[in-house]
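We will go stop by stop.

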Amino acid sequence: MKPMRLLIALLGLFSLSLSAAEKPDVLFIAVDDLNDWVTHLGGHPQTKTPNIDRLVARGMAFTNSHCAAPACNPSRAALMSGLRPWQTGIYTNGDPAQGVMKDTLTINRHFLAQGYNTLGGGKIYHNFNAEGREDGWTKWEGLFPSINEHEENMNGLKSGHFDWGAVNSKPQEMGDYKLTDWAVNQLKTAPLDKPLFLGVGYVKPHLPWYVPQEYYDRFPLEGIQLPVTKDDDLADIPAAGVQMAKPQGDHAAVLKGDQWKKAVQAYLATISFLDDQVGRLLDGLDASPRKDKTIIVWWTDHGWALGEKQHWRKFALWEETTRTSCAIVAPGITKPNSVCKAPVDYLNIYPTLCELTGLPLPVHVKGASLMPLLKDPTSTWGQVAICTHGRGNHAVKDARWRYIRYADGSEELYDHSKDPNEWTNLATEADMSKTKARLAAALPAAGEEVPSTSGSQSNGSAKGKGKKKAKGKAKEE
C-alpha cells in the first residue's frame, strides 16, 4: 500500500476508534419484584429508599410506567427483545424463552454487535436458559453466591420460598452486595477505549425475604401499616380476575398465620437492603472515569401485591402488579428531578436506548422511543401501556383509565382520576362503552396472539413457576 493510502487508512481506523470511545456508556439496572414501594412513587408511606430516589432524581422518573407482563420471564423477555408476549409466545414463567430468544437480536446482543463492551451480572433474564445462549455478552458473570436461601419456613406458612425473616448474616454475604462490588469494579477498570454496556440485575426484593436483622430493625413491627384495602373488593370482579387473585391461597394463609404485618415489614426491610446496594453502586459510578458520560436505565420487572384485592405476588393485571419503578438518566438530555406522567411500558426501552446511543434500530423493534418525553415530559404522547398475563388476558393503561379484558371476554374498567385503588369496576356501565372500545383498540385482534412456547393454554391463572436455572439459582418464580 502506498504511504498516503496507508496514512488515510490508519486515520480512518483512528476515527472509528475515537467515535466508538465517544459513545455514551450505559448502566442498565434491573430489579426483581420491586413494586411502587419507593419514596418517589409513594406506594407505601413507611418505605425508605433514599438511594433509589437519589438515582431517579438525576434524570426523569416515569410515574405511570408498566411492565409488559406481570411475571419475571415474560417481562424480561419482552423488554430485552422489544417483542410483546403475544408475538413471542412467552406469556408466563412457565413458557420457555430460549427457543425464541436465541434467534432474536436482544438489547445486549445489539450493543455487542455495535462495538460495545457488554458485561452482565446478576439477573437480567429470568434464568440462564431464558437468553438462549451466552454469546450476547462480552462476558456474562451470572448470579453471585449468596447465603443459603433454602426454604426455612421462618414464617410458619409452609409455602416454599413464600417466606420471610431476619437472618444471622452480614450484608457482605448477600449476593446483591457482591454483585454491587463487581459492578463498581467494572465501572472503575473496564477499558475506556470501548463504550460500556453494564447490566446489573438485582435479585432482591425477590422472595424469600431473608435479609440481616439490621434491616428489619429499621421497621419496627408494632408500627407497621398494612396496605389500604377494601373488604369486598372482589365483589365486582369477573370470575377470571378472582381466579388470578386466588383469595383462598396466599391471602387466606397469611391471615390464618397472622403474618400480614410481618410480611409488610419483611418486604420493606428487603427493599431497604436493595436501596443500600443502589447507593453503593451510585457512589462507585461517581468515583469512576465514566461518571459524566453514562446513561442510567433503572427498571423493575413488574409490580407486587401484598394483600390488595386479597392477592399476593405478581401474576395479575391490576395496578399493584403492573406498575413499576422506571427512570432514565441521559446526560445532556434529561433534566434533574424531572417527572413524566405519560403512560409508558417496557416496549419503549429498546428503541429509546438505540436513539440515546445512536445505534440503528433493529427492524423487529416497533415500540415508540421515549426521546420526546425525555426532552419534554409534557410532549404529546399518543401511546398507552399494555400488560399481558397469559394468552388473551390484557390490561391497557392510559393517563386516566385502566381497562382489563380477559380471555373469556369479561372486563374491568377503573377511573384513576376518582378511584386510584381500583375499587369500583365500571365495565358494566352503559356509558363506558366508548372508553372501553378506545382502549381495547390497542390490543391484538383475534388470531394475532401466537401459541405459548410451552404448548399450554397459558391463561395466566397459574403461578407459572419457571424451570430450574442451569447455574447459580435453584428456583425462580
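Select N348: this residue is buried, with a relative accessible area of 5%. Buried means under 20% relative accessible area, exposed means over 50%, and partly exposed lies in between, using a 1.4 Å probe and protein chains only. N348 sits in the loop between β14 (344-345) and α13. Helices (H or I, at least four residues) and strands (E, at least two) are DSSP runs, numbered from the N terminus. A polar atom of the N348 side chain lies 2.9 Å from the backbone nitrogen of D345. Now show what surrounds N348. Not counting residues up to four places away in sequence, N348 touches A368, S369, L370 and W381. Contact here means heavy atoms within 4.5 Å.

Before moving on, a word about the model. It is predicted: local features need pLDDT of at least 70, side-chain atom pairs count only at pLDDT 80 or more, and totals for chains, interfaces and linings use all residues. Residues are numbered from 1 along each chain as its sequence is written, and side-chain values use heavy atoms, with hydrogens and water left out.

**Next: helix α13**

Select residues 349-357. How many residues of helix α13 are buried? The count is 8 of the 9, so the helix is largely enclosed by the rest of the structure. The buried ones are I349, Y350, P351, T352, L353, C354, L356 and T357. Step just past α13 to G358, which takes a positive phi of about 80°.

**Next: the sheet of 8 strands**

Colour the strands in the order β5-β4-β7-β1-β9-β12-β2-β13. They form an open sheet with mixed pairing. Two strands pair if DSSP finds at least two bridges between them. Which strands stand at the edges? They are β5 (139-142) and β13 (338-340). Each has a single partner strand, so one side of each is left without a neighbour in the sheet. Neighbouring strands here are turned by 15° against each other on average, direction ignored.

Zoom in on β1 (residues 25-31) and β7 (residues 196-202). These two strands pair in the parallel sense over 6 bridges. Pick A30: its bridge partner in β7 is G201.

**Next: helix α11**

α11 lies across β1, β7 and β9 (294-300), and runs at about 165° to β7. Axes are lines fitted to C-alpha atoms, for helices over the stretch in contact, and angles run from 0 to 180 degrees between N-to-C directions.

Within α11, select A266. Is A266 buried or exposed? A266 is buried, at a relative accessible area of 0%. Leaving aside neighbours within four places in sequence, A266 is in contact with W164, W209 and Y216.

Now bring in helix α7 (residues 175-189). Show the side chains where the helices meet. D176, Y177, T180, D181, A183, V184 and L187 are on the α7 side, and F273, Q277, R280, L281, G284 and L285 are on the α11 side.

**Next: the sheet of 4 strands**

Select the open sheet β15-β16-β17-β18, which has antiparallel pairing. Its edge strands are β15 (385-388) and β18 (411-415), and each pairs on one side only. On average, neighbouring strands of this sheet are turned by 10° against each other, direction ignored. β15 and β16 (residues 394-397) run antiparallel, joined by 4 bridges. Click C387: its bridge partner in β16 is A395.

**Last stop: S410**

Select S410, in the loop between β17 and β18. S410 counts as buried, at 17% relative accessibility. The S410 side chain makes a polar contact with the side chain of D408 (2.6 Å). A polar contact is a pair of N or O atoms within 3.5 Å; within protein, one must be able to donate a hydrogen and the other to accept it, and residues adjacent in sequence count only if both atoms are side-chain atoms. Beyond neighbours within four places in sequence, S410 is in contact with P238, A240, I404 and R405.
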